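Me: Please take me through this structure by question and answer.

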Amino acid sequence: FKEEIRRDNSGTRYPALAYADPTTFGGLGIQENQADQPISTANFKGAVKVNLETVKNNGELFAVAGWDFAATDNQKAATFNPAIATVLTAESEAAKNTIPAGTKYQQVSFAHNGNLPGVATVNLLKDSENPPAQNLKLYKVVNDKLVKQPEQVSLNNKGEFVFDRGDCSDYIITDTDISQSSDSNNNGSGGVNDFVDSTEVTNKLNNTPAGGTASFDVSTKSDVGMSVFAALQQNSTKTLVLKGDGYSWSIKGSDMLTPIPGLIAVNTGISKTSPNAAALKKLTGDVPLQNVYFSYHGNLPFRATIDLEVDAALAGKSLNLYHANAATTQLTLVRGGLVPKDGRISFMISGCSDYILTPNTIAGAITIANPETGANDIVPLALALAAISGLGALVLLTKKKK
């Protein structure tokens, strides 16, 4: 790349990376980079804007793609390759077999692989040969399948696709529902139609004052894409509250943990009905209890405080919180002495599965040291349970990429 410093219409400086080894782009006579060289993120601080520019056949300077980071963290990625191609890599070609005949779509292959140094709004010139028009959807290539992403795609008046990404791989943009594709149901996701609008949540986070709280309703759509949590990490002084039916998740930007490779979304659904109720009853016997079933199973990429509505039959009682192992053959007491206040309790977790609330002591359950006086955080326990009961054993989606 040849790098130059330019200014946009508002006067903001940004690096413009000119293409070095041109080939035809989308049949428009626009040139695209083949050099594929990453740039260092050492000087990436705060907002960063990168435009990929070239020259049309008539000599006019033209931007074929752009990256706009509202905030960056060079600890996430030491280098950044902004090059974008309109042909999938060879490893991703098989995924196109799942696309119905006659579907209009655009292929998108990012040279950068993996996490970006922040959540970026990507502008990409539409390929005139395959112009999907409206109700646009973004599908990620994962293990020869197409996985629908929660990020929304729009088409601006410049003929550019616009969408947010916190990581990079190979993608398809289309206005067609690809029913043969996979959804993100690797950790209890509700399906491709259950994603919250990541762009809306991210914008709400970015517009929340430092130290403030952004609340979002997840009672009808419960899958929250990872770009939302990447945006939260960049807003480390803020808190995201996800409100469901009778429960809420409270996640601080400062409580983000190690990212989980291949994880696309977290299903925030919590139910008082467990599909494992019969197996749980064999462990508890006929005691009064409330099931607490998380749709997501396994370790989380963050710590979250769960605020939960308690059944009226348990109100006013001191409750014990038990966790069931993956096989539903063993209970572990993880919190004791939880007294509902205004009909609700709260506790912190960093992993999800089956839990029960009961005022009784369950015979045969494992008891950790002083659970009633311990920290309000099931973090060390998650690691221990991973070893003894399979908690955190995830079926993760991984990508094939050079």
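Reply: Helices (H or I, at least four residues) and strands (E, at least two) are DSSP runs, numbered from the N terminus. This is a predicted model, in which local features need pLDDT of at least 70, side-chain atom pairs count only at pLDDT 80 or more, and totals for chains, interfaces and linings use all residues. Residues are numbered from 1 along each chain as its sequence is written, and side-chain values use heavy atoms, with hydrogens and water left out.

Me: Is α1 roughly parallel or roughly antiparallel to α2?
Reply: Axes are lines fitted to C-alpha atoms, for helices over the stretch in contact, and angles run from 0 to 180 degrees between N-to-C directions. Helix α1 (residues 198–206) packs on helix α2 (residues 226–234) at about 10°, the axes being 9 Å apart. Angles under 35 degrees count as roughly parallel, over 145 as roughly antiparallel, 65 to 115 as roughly perpendicular and the rest as oblique. The angle therefore makes α1 and α2 roughly parallel.

Me: How many residues apart in sequence are the parts that Lys140 and Asp167 tie together?
Reply: A salt bridge (a side-chain nitrogen of Lys or Arg within 4 Å of a carboxyl oxygen of Asp or Glu) joins the side chains of Lys140 and Asp167 at 3.3 Å, N to O. Lys140 is in strand β11 (residues 137–142) and Asp167 in strand β14 (residues 160–174), so the parts they tie together are 27 residues apart.

Me: Is Asp255 buried or exposed?
Reply: Buried means under 20% relative accessible area, exposed over 50%, partly exposed in between (1.4 Å probe, protein chains only). Asp255 has a relative accessible area of 14%, so Asp255 is buried.
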